[in-house]
Amino acid sequence: MSDHADLSDNNIETFITSAIANARRDVLLQSDGHCMFCDEPVAVGRLFCSKECRDDYDKEQRALKIAGK
Ligand SMILES: [Zn+2]
């Protein structure tokens, strides 16, 4: 019984930690009216013109982090 409780606590903690990390990252990134990835004009407050650009930007950032840049 306690095993199941521990497992779900861990899952919730992982979820909250990544949600906080995402929220912090979004605060750090300031929209300048252009897509962060392809530079297309976007609506005020938007960082990316599409889900694909956001995914590609995330991939690029992860690759840069792995490369140590
Ligand atoms: Zn874009």
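What follows is a short chat about a zinc site and its surroundings in a predicted model.

Me: Which residues are the protein donors of the zinc ion?
Reply: In this predicted model, the donors are the SG atoms of Cys35, Cys38, Cys49 and Cys53, which lie 2.3 Å from the zinc ion.

Me: And how are they spaced along the chain?
Reply: The donors follow the pattern C-x2-C-x10-C-x3-C.

Me: Why is the arrangement tetrahedral?
Reply: The four donor atoms subtend angles of 105 to 118 degrees around the zinc ion, and the arrangement is therefore tetrahedral, since that label asks for all angles to lie between 85 and 135 degrees. For four tetrahedral donors the ideal angle is 109.5 degrees.

Me: Is Cys35 buried or exposed? What about Cys38?
Reply: Cys35 counts as buried because its relative accessibility is 3%, whereas Cys38, at 35%, counts as partly exposed.

Me: Switching topic, what makes up the largest nonpolar core?
Reply: That core has seven residues, namely Leu29, Cys35, Val42, Leu47, Phe48, Cys53 and Tyr57, and among them Cys35 and Cys53 are also donors of the zinc ion.

Me: Which residues is Phe48 in contact with, leaving aside neighbours within four places in sequence?
Reply: With those neighbours set aside, Phe48 is in contact with Cys35, Met36, Phe37, Val42, Cys53, Arg54 and Tyr57.

Me: Where is Asp39, and what is its phi?
Reply: Asp39 is in the loop between helix 1 (2–28) and helix 2 (51–67), and its phi is near 75 degrees, a positive value in a residue other than glycine.

Me: Buried or exposed, that Asp39?
Reply: Asp39 is exposed, because its relative accessible area is 53% and the cut-off for exposed is over 50%.

How values were computed:
Residues numbered from 1 in each chain as written. Predicted model: local features only at pLDDT ≥ 70, side-chain atom pairs only at ≥ 80, totals over all residues. Heavy atoms only, no water. Donors = N, O, S within 2.8 Å, 3.2 Å for Na, K, Ca; no water. Tetrahedral: all angles 85-135°; square planar, octahedral: opposite > 155°, others 65-115°. Buried < 20%, exposed > 50% of the residue type's maximum accessible area, 1.4 Å probe, protein only. Core = buried A, V, L, I, M, F, W, Y, C linked by side-chain atoms within 4.5 Å. Contact = heavy atoms within 4.5 Å. Helix = DSSP H or I, 4+ residues; strand = E, 2+ residues; numbered from the N terminus.
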